[in-house]
Structure formats: structure tokens, C-alpha cells
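Keep the structure open while you read.

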Amino acid sequence: MNNHQYSYYMPTKCFIGHDIIDHKKDLLETFGKKAYIITGRNSSRLNGSLHDVTKALDSVNMNYEIFPEVEENPSLETINKAISDVSDIDFVIGIGGGSPIDAAKAISILLKNPTYDAFDLINTTEKLSHLPVIAVPTTAGTGTEVTQYSIVTDHKAKVKKNLGQSVFPSIAFLDAKYMLNLNRKITINTCIDAFSHIAEAYLNRKANILTDAFCEKGLKIFSTIFPKLKECNLTLEDRENLMLLSTLGGMAISQVGTSLPHGMGYALTYHKNQPHGKANGLLYYGYLKSFKNQNKVNQLLSLINMKSVEELQSHFSALFPVDFSITDDEIRDFANKMAKNAAKLKNHPEDLCAEDIYTIYKVSLF
Ligand code: NAP
Ligand code: ZN
């Protein structure tokens, strides 16, 4: 066991299973009189999750408004738009992938603190309260339903970053049926995001026996799903396992945070338009090869039935090749910026300089 001090706090009540929203709809009444539902542009209407939520709200005579406009990697502008014309909201329901749920978290803070807008929020160091949030994930990747983080895009500063506030959802409803028609590309990208949460928690400076327990179980689940990802012919049971993998990853990073691939991947998302999970996954070769404690890397690999980093990399590159152009100058610039990202670097067990980070980009992407 690690000999440092640690704690565990993750207050979200998770309800898991088929038609879970219908079974637990009475809980909604406890949150007040009016809900604000935040979704992406289309998928929640197509996969039944929005219908399940509005049906449950109708059945308990709850008022609600819907903001169906959150884009991938939600921007501060969209978050401001969401709060511009609503009133008397008691709680916020985020339905969708990580983007609408993270936007719902930011919106829950702004509705509680009406003197702030999203740009104030990204710049303040004050810790702010929020309205209750209910999360209904329809992808299995981010684990945001059990984390305190809200990742937003600041186009003025040209960065993606964590808002820096703490918004754990009060409730997460986990029903894998919403993912039955999730396409291959999004399934792979989100699954690799879940893997990267688990790997970065497992190889984290703050890793402890509790986070290791989540990670080891998550890695075992990943080992059963990983061989099926290429064909992506997934059953409902596979989808349920994927959902659990994602939630276990969220529980682990809620305690210890993510580290290098996440911090480095945000630049690939912002500047190269790469989906979040793929952006992380692309950097794993350099990250794992350069990691000093190769014993722990080998433990991680053995839990997913891989013999070497090279073997993992050959599977990763078959799932998501580097299919965009990037220059040496660009990765130098990304590495220099990452070298100043203290929030991510502190979770990595070794001290790194910009040159080390540049090498991880270089060996992974060229
Ligand atoms: P996403 O950006 O929320 O959504 C990606 C795409 O998937 C969208 O086109 C969306 O369509 C579609 N989609 C969602 N659910 C679907 C379903 N059931 N069936 C079909 N299509 C579906 O993707 P994500 O990977 O879940 O979230 C990524 C975001 O979460 C990033 O901003 C990332 O930085 C953040 N993140 C947050 C945390 C955290 O702890 N807060 C952790 C990791 C990552 P619609 O737009 O039409 O809905
Ligand atoms: Zn992530």
C-alpha cells in the first residue's frame, strides 16, 4: 500500500439498470418545481433518453425547459446562451455525452450565481455553489456523471480546460440501452477515453488502494471489451460493461485526476479537431514508454492481456491511426504550453521538462 495520506469522497447516487429512470422517477420530485434539461443537438431525441426524462417529469407534474444546443467540447458562449433566457430553475438535468453533462454542470453554477457569466467563471478562483445536477450519460467514456469536473472550451484563450469548480451530480441514471445505436467511431473514441482515465489514475502520483481497486476492475472489464472494439458488434451486456468501465474510470479520476495524455490531448482536440478519447489514446505509446515505473506499466498491461506497450500500440493504431498532419513546430509549441500546466503535471509521478513532453508527442505521432 502507498504510504501517503489520502481520502475518498464521491457523493453521487448512482442508479443503474434497464429503464432505471422510470423506476426511480419519484426521486425527481425531491428537487423542486422546475427542471432545466441540457442536451446535445440530436442524439438524446433519437436514443430515447430525452423521452424517458420528459415522461418521468410529466408523470410527477414537474415543469421543465429544454436547451438542446450543446456542441461537442462545449464553449463558454454556448453556456452563456443557455442561461440567457430562463428563470425559476430548481435543478439541471444533463443528458448526453460528456459535453452536455459538463455544460449542465457549468449552467448549474451560473443559475445559482446570477452575477457571473461563463467568462467570469473560467477566470475566478472563488469556489461557487450550484443548483443540483442530475446526469444521464448516453456515451461510455467520460465518467462525468461521477466526477466534479466540467471541461469547457475557451475560444478567446484558444484552450480546453477544466472549469476549476466542483460539481458532483446529485444523481446519475445509468441505462446502457441509450447506447445501442452509438456508432463505431464514437464507441471507440469514448471507450479509449474511459481506458485513459483508468490508466492515468492507475499511474498517478496520488494513486491509492481505493483508486487502484476501481482501476484494476475497470482494466479487467476493458480486457473483455477491447477485442470486440474493432468489429464493434456489441450486445446490450457489452454496452452495460462499457458503461461500468466508464463510471469506474470517473470514480478513479474524481479522486486523483488525469495527467499527461489528457493535458497533452486537449491541444490535439483544440488545434487538430481530434475527438477527446482518440486525442488521449494517440499519446499512449510515448507516455507508457517514457514512464519510469515500468513495473506498474507491466501490471496495467497484464490486466488487459497485453505483453508489451508495442502490442497495445499496434491495436490502438488499427483502431485510430494518426490521420491528420502536424508539424514539429506545432508539437514544440504544445509541449511548451503543457510544461506550464501544473494541474496535470502534479499528478504525474516524475518531474518533466518541455523537452520530455515534446519527445512523448514526437514518438507517439511521427
Ligand atoms: P460528446 O462530445 O458529448 O458527444 C460526441 C457525439 O456523440 C455527439 O455528436 C453526440 O451527439 C453523440 N452522441 C452522444 N450520445 C449518443 C448516443 N447514445 N447515440 C448516438 N450518438 C450519441 O462526447 P463525449 O466523448 O461523451 O464527451 C466528450 C467531452 O467530455 C469532452 O469535452 C471532454 O473533454 C469531456 N470530458 C469530461 C470529463 C469530466 O469528468 N467532466 C472527463 C472526460 C472527458 P449530440 O451532440 O447530437 O448529442
Ligand atoms: Zn477524458
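Six strands form an open sheet in the order β1-β8-β5-β4-β2-β3, with parallel pairing. Helices (H or I, at least four residues) and strands (E, at least two) are DSSP runs, numbered from the N terminus. Two strands pair if DSSP finds at least two bridges between them. β1 (13-16) and β3 (63-67) are the edges; each has a single partner strand, so one side of each lacks a neighbour in the sheet. On average, neighbouring strands are turned by 20° against each other, direction ignored. The axes behind such angles are lines fitted to C-alpha atoms, for helices over the stretch in contact, and angles run from 0 to 180 degrees between N-to-C directions.

This is a predicted model: local features need pLDDT of at least 70, side-chain atom pairs count only at pLDDT 80 or more, and totals for chains, interfaces and linings use all residues. Residues are numbered from 1 along each chain as its sequence is written, chains are lettered from A and ligands numbered from 1 in the order in which they are written, and side-chain values use heavy atoms, with hydrogens and water left out.

β1 runs parallel to β8 (residues 171-174), and four bridges join them. Within this pairing, I16 stands opposite L174 in β8. Helix α5 (residues 98-112) packs on the sheet and touches β2 (34-39), β4 (91-96) and β5 (133-137). Contact here means heavy atoms within 4.5 Å. The direction of α5 makes about 165° with that of β4.

Turn to the rings. The whole structure holds 13 aromatic pairs. Rings of Phe, Tyr and Trp (its six-membered ring) pair if their centres lie within 6.5 Å; planes under 30 degrees apart count as stacked, over 60 as edge-to-face and the rest as tilted. Y9 and F168 are edge-to-face, at 5.8 Å centre to centre and 85° between the planes. Y9 lies in the segment before β1 and F168 in the loop between β7 (159-162) and β8, so the pair ties together parts 159 residues apart in sequence.

F15 and F173 make a tilted pair, because their planes stand at 35°, with centres 6.1 Å apart. F15 belongs to strand β1 and F173 to strand β8, 158 residues apart.

Elsewhere, one aromatic cluster is formed by F195, F222, F226, Y284, Y287, F291, F316 and F320.
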